[in-house]
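Reader: Hi! I'm new to this one, could you walk me through a few spots?
Author: Happy to, let's take a look together.
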Amino acid sequence: MELSLWLPYLAASLLTAFTPGQAVLLTVSNTLQHGGRKALLGSAGNALGICVIASVAAMGVASLMRNSPNAFLALKLAGGAYLVYLGARQWSARNASLAGAAGQGRGLFAQGMLVALTNPKGLLFFAALFPQFVRTDRPLWPQFLILTATFAACAVCAHAVFVLITHRARHWLTSPRRLSAMRKASACAFVAMGVAMLYL
């Protein structure tokens, strides 16, 4: 995969991974209740769930690329529009609560995986993102493998960072006002990325 395609995808993956959402809130909550090492078990499970969701999305995208170039182009345009929509939704969303996010200290790996698998937005997100960074004149599945592994690695790295921050800045990280500021900043980034992709 070309570096000129992979670097923008890496940036998009990092932006998404560091955006406070269900997986991040679960990691923070598990860290507060069970400690950093156990919280990372949940992050590993979440990464596995991401791989499953991304693989399902990749199969659908690959099928369109092989059988219908026009449908693939439409999916690509819809993907850019969807990223703009995600940004708009995130801007207006309320802060999620940590209450009830953590489990009982058992099965954290499975808990993290279920967070990924039961999030319907995950499939739509990957279906929107993959077409922007895949070359149709190259073998598809090696590209999908790199994209999936990159996103999963970014998610684990982001969770590790949040685990470290949680230990040192619990009140700062869980402040509703600061979470709102982080959410709005990432919302603007999603909109900018989606608009840019519509013109690629």
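Reader: Is Asn-46 buried or exposed?
Author: Asn-46 is buried, because its relative accessible area is 6%; buried means under 20% relative accessible area, with a 1.4 Å probe and protein chains only. This is a predicted model, where local features need pLDDT of at least 70, side-chain atom pairs count only at pLDDT 80 or more, and totals for chains, interfaces and linings use all residues. Residues are numbered from 1 along each chain as its sequence is written, and side-chain values use heavy atoms, leaving out hydrogens and water.
Reader: Thanks! And what does Asn-46 touch?
Author: Leaving aside residues up to four places away in sequence, Asn-46 touches Ala-23, Gly-112, Met-113, Val-115, Ala-116 and His-159. Contact here means heavy atoms within 4.5 Å.
Reader: Which helix does Asn-46 lie in?
Author: Asn-46 lies in helix α3, residues 36-67. Helices are DSSP runs of H or I with at least four residues, numbered from the N terminus.
Reader: New topic: where is Thr-19 found?
Author: Thr-19 is in the loop between α1 and α2 (22-34). Thr-19 counts as buried, at 9% relative accessibility.
Reader: What does the side chain of Thr-19 reach?
Author: The Thr-19 side chain reaches the backbone oxygen of Leu-15 at 2.6 Å.
Reader: How far apart are Thr-19 and Ala-158?
Author: From C-alpha to C-alpha they are 9.0 Å apart in space, and 139 residues apart in sequence.

Terms used. Helix = DSSP H or I, 4+ residues; strand = E, 2+ residues; numbered from the N terminus. Buried < 20%, exposed > 50% of the residue type's maximum accessible area, 1.4 Å probe, protein only. Polar contact = N/O pair within 3.5 Å; in protein donor to acceptor, adjacent residues only side chain to side chain.
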